[in-house]
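Please go through the model below with this report beside it.

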Amino acid sequence: MAWVFLIIAGLFEMTGVVMINQIHKNRNWKSITALFSSFGASFIFLAFAMETVPMGTAYAVWTGIGASGGAVLGMLFYGESKTILRIVFILMVLGAAVGLKLVS
């Protein structure tokens, strides 16, 4: 169950990153509330995951999901660069997160 919590935490982190971008485009209370709610939920689920997953592994996987997910969302919804090298490096981040799961 801890790994499910960790994935949920990463997904909420991705949402938080999107909300930061949204605030830059349209600063309003709805976006700010969504930002704090997303990161708050992310930290809560990360804390649940860290009850059994080692801290270093949990943090690396959490940031990996957030970083790669944020990059993918940027490419899909905000017109960011979609070069092959960028996609390869995103896959490397995800591969490292999966590798940490396999060796934990």
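The side chains of E80 and R86 form a salt bridge, with 3.3 Å from N to O. A salt bridge here is a side-chain nitrogen of Lys or Arg within 4 Å of a carboxyl oxygen of Asp or Glu. By this rule the count comes to one salt bridge. Side chains of opposite charge can pair when their charged atoms come close. E80 is partly exposed, at a relative accessible area of 33%, and R86 is also partly exposed, at 26%. For these classes, buried means under 20% relative accessible area, exposed means over 50%, and partly exposed lies in between (1.4 Å probe, protein chains only).

This is a predicted model, in which local features need pLDDT of at least 70 and side-chain atom pairs count only at pLDDT 80 or more, while totals for chains, interfaces and linings use all residues. Residues are numbered from 1 along each chain as its sequence is written, and side-chain values use heavy atoms, with hydrogens and water left out.

The chain has four helices and zero strands, in the order α-α-α-α from the N terminus. Its radius of gyration is 14 Å, close to the 13 Å that the globule rule gives for 104 residues, so the chain is as compact as a globular protein of that length. The radius is taken over C-alpha atoms, and the rule is 2.2 Å times the number of residues to the power 0.38. Helices (H or I, at least four residues) and strands (E, at least two) are DSSP runs, numbered from the N terminus. Along the principal axes, the C-alpha atoms fill a box of roughly 40 × 35 × 15 Å.

Of the 104 residues, 33% count as buried. The accessible surface is about 6400 Å², and 75% of it belongs to carbon and sulfur atoms; areas come from the Shrake-Rupley method with a 1.4 Å probe, and for residues only the protein chains shown count as cover. Among contacts with a separation of 6 or more, 63% are between residues 24 or more positions apart. Contact means heavy atoms within 4.5 Å.

Helix 1 (residues 2-25) has 24 residues and reaches 35 Å from its first C-alpha to its last, close to the 34 Å expected. That expected span is 1.5 Å times one less than the number of residues. Its buried residues include L6, M14, V18, M19 and I23. The buried residues of helix 1 pack against helix 2 (29-49) and helix 3 (55-77).

| Residue | Relative accessible area |
|---|---|
| S31 | 6% |
| A41 | 16% |
| T57 | 14% |

S31 lies in helix 2. Leaving out residues up to four places away in sequence, S31 touches M19, Q22, I23 and N26. A41 is also in helix 2; A41 and I8 are 33 residues apart in sequence and 8.8 Å apart in space, C-alpha to C-alpha.

On the surface, I84, L85, V88, F89 and M92 form a nonpolar patch with about 530 Å² of accessible area together. Patches are made of residues with over 30% relative accessible area and no salt bridge; like charges are joined within 9 Å, and nonpolar side chains (Val, Leu, Ile, Met, Phe, Trp, Tyr) within 5 Å. I84 is in helix 4 (residues 84-103) and is exposed, with a relative accessible area of 65%.
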